[in-house]
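We will go stop by stop, with something to look at each time.

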Amino acid sequence: MRLLRLSLLRTACALSFTALAVPGALAQQAAFPGEVETALARAKVPRDSVTMLVADADGLRPPRLAWRTQVPVNPASIMKLVTTYAALDLLGPAYSWSTPVYVDGTVNNGVLNGNLYIKGQGDPKLVLERAWLLLRRVQGLGITTVSGDIVLDRSAFDGAIENNDPAAFDGEPLRPYNASPEALLVNFKSVNMVFTPERGGQQARVSYEPPLASVSMQPTVALAPGECGDWRAAIKPDFSDPNRIRFLGALPAACGEKSWAVAYADPRSYGLRAIGGMWAEMGGRVGGQMRDGRVPAGLRPAFEFGSPPLSEVVRDINKYSNNVMAQQLFLTLGLTQKNRGSFEASRSALGQWWRERIGTGEAPPVFDNGSGLSRDERISAAALGRMLQVAWRSPLMPELVSSLPAMGVDGTLRKRTLRSGGAAHLKTGSLRDAAGVAGYVHGASGRRYVLVAIANGENAGAARAAFDALVDWASQDN
């Protein structure tokens, strides 16, 4: 059955290649829709900075538009399409991660006489609410005090991954999108701060989620008169000391309540501090210390804490373009397919999947971390278009399409609407020098199209209006 399935997939890929193939001269002389041409000229984005494809989703007809489709480009977050579809195909939409918890010792009168171990295995969605539920399960075992240590085992992923410099990509280490993956990823290594002005008072209360063990968190910030403006700069935050969060300025009173999520200054210790802080807030105590370590050989888990299914995780990744969740998923593919949680193993697993499922008619993608937060990842519009056609004919099509932002409705496309009133499900991508969209457009005739539009270059972001015009044009096919 597997050989028959692969044979059918390869046949489908061959049909897709036929539909996407365009003679070089014709491709170079492609006539852009007038509104697209006008928008590119207005934005001063040269033709040779963009690649565009609009093709039948079923792969049975020649493309309606194909421009520079064989050129490998940086897709930015559009690369998440490949990572998420590969995961759906390899793992199945019902796949879930487990986080086993181990009790090494006896429990008497609420005291664990020994150590508690929590072993991370890549769960991308161990957010605060779910981490709290995990700790409640521990208390459900009758444990309120751990006389020994609480130990976090993060060995499932390559240890070098956790030591990545969060400032390396763009010099913004406190931006949550730069959080690096790890086997026991808690709340994306971020702290959410809520500033609530006191009624008629002179200050605003500051609440923090999660509480971080051994971190001094300033409880209030002064209020100041004036317009709200750049309130983050006005409060003059100081995050330089991992043991203290403080503010040297004042919050403009006109702002009202505000919230701000930042990546913690010492990401390597975040999990220990977050679990420790939450455990203490729940009334738990630790006689020893919070530390990293490994589960002793032969110890059986007291319980395993399950994640939401992959279909839900993929939706979060694509709707909101979550980088660290995408990298967690990418590393999970290396762990499950190659028995190693490393970027190298994941690149190998994705490359093998591409050859077997999508084919070799086009140059394969260049994978880095699977999220698009990279200067090195590359894919051509023809290759991505082929994958989208294969996905459209797959039983997994509903899961993939429903995970994409709906234009003018939700996710990263909530504020971008079509003048024609048409509908599209598209993944967005944006970096300093790359921008684009890719996915499916619903034609007025009832046909469905794959669309890929990506710009690379200093002025890439200015091409968004032209790409929106392209989506509009693709939807008006009657």
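Not counting residues up to four places away in sequence, which residues does D238 touch? Select D238 and display its surroundings: with those sequence neighbours left aside, the contacts are R244, I245 and R246. Bear in mind as you look that this is a predicted model.

**Stop 1: around D238**

Keep D238 selected and colour by secondary structure; this residue belongs to strand β11, which covers residues 237–238. Is D238 buried or exposed? Its relative accessibility is 16%, and because buried means under 20%, D238 counts as buried.

**Stop 2**

Next, select K236, which sits in the loop between α7 (231–234) and β11. Check its backbone: phi is positive, at about 50°, although K236 is not a glycine. With a relative accessibility of 49%, K236 counts as partly exposed.

**Stop 3: N187, another positive phi**

Move to N187, in the loop that runs between α6 (159–162) and β7 (190–197). Here, too, a residue other than glycine has a positive phi, this one near 50°. How does N187 count, as buried or exposed? At 13% relative accessibility, N187 counts as buried.

**Stop 4: a cis peptide bond**

Select E209 and P210 together and show the backbone atoms. The peptide bond leading from E209 to P210 is cis, and its omega is near 0°. P210 itself is in the loop between β8 (203–209) and β9 (216–217).

**Stop 5**

For the last stop, select residues 343–358, helix α11, and residues 381–392, helix α12. At what angle do α11 and α12 pack? The angle is about 65°, and the two axes are 11 Å apart. The crossing of these helices, α11 and α12, is left-handed.

Now show the side chains where they meet. On the α11 side, pick W353, W354, R357 and I358; on the α12 side, pick A383, R386, M387 and V390. Colour this contact by residue class and you will find six nonpolar and two charged residues, with no polar ones.

Methods. Residues numbered from 1 in each chain as written. Predicted model: local features only at pLDDT ≥ 70, side-chain atom pairs only at ≥ 80, totals over all residues. Heavy atoms only, no water. Axes fitted to C-alpha atoms, helices over the stretch in contact; angles between N-to-C directions. Helix = DSSP H or I, 4+ residues; strand = E, 2+ residues; numbered from the N terminus. Left-handed = near helix turned anticlockwise from the far one by under 90°. Contact = heavy atoms within 4.5 Å. Nonpolar A, V, L, I, M, F, W, Y, C, P; charged D, E, K, R; others polar. Buried < 20%, exposed > 50% of the residue type's maximum accessible area, 1.4 Å probe, protein only.
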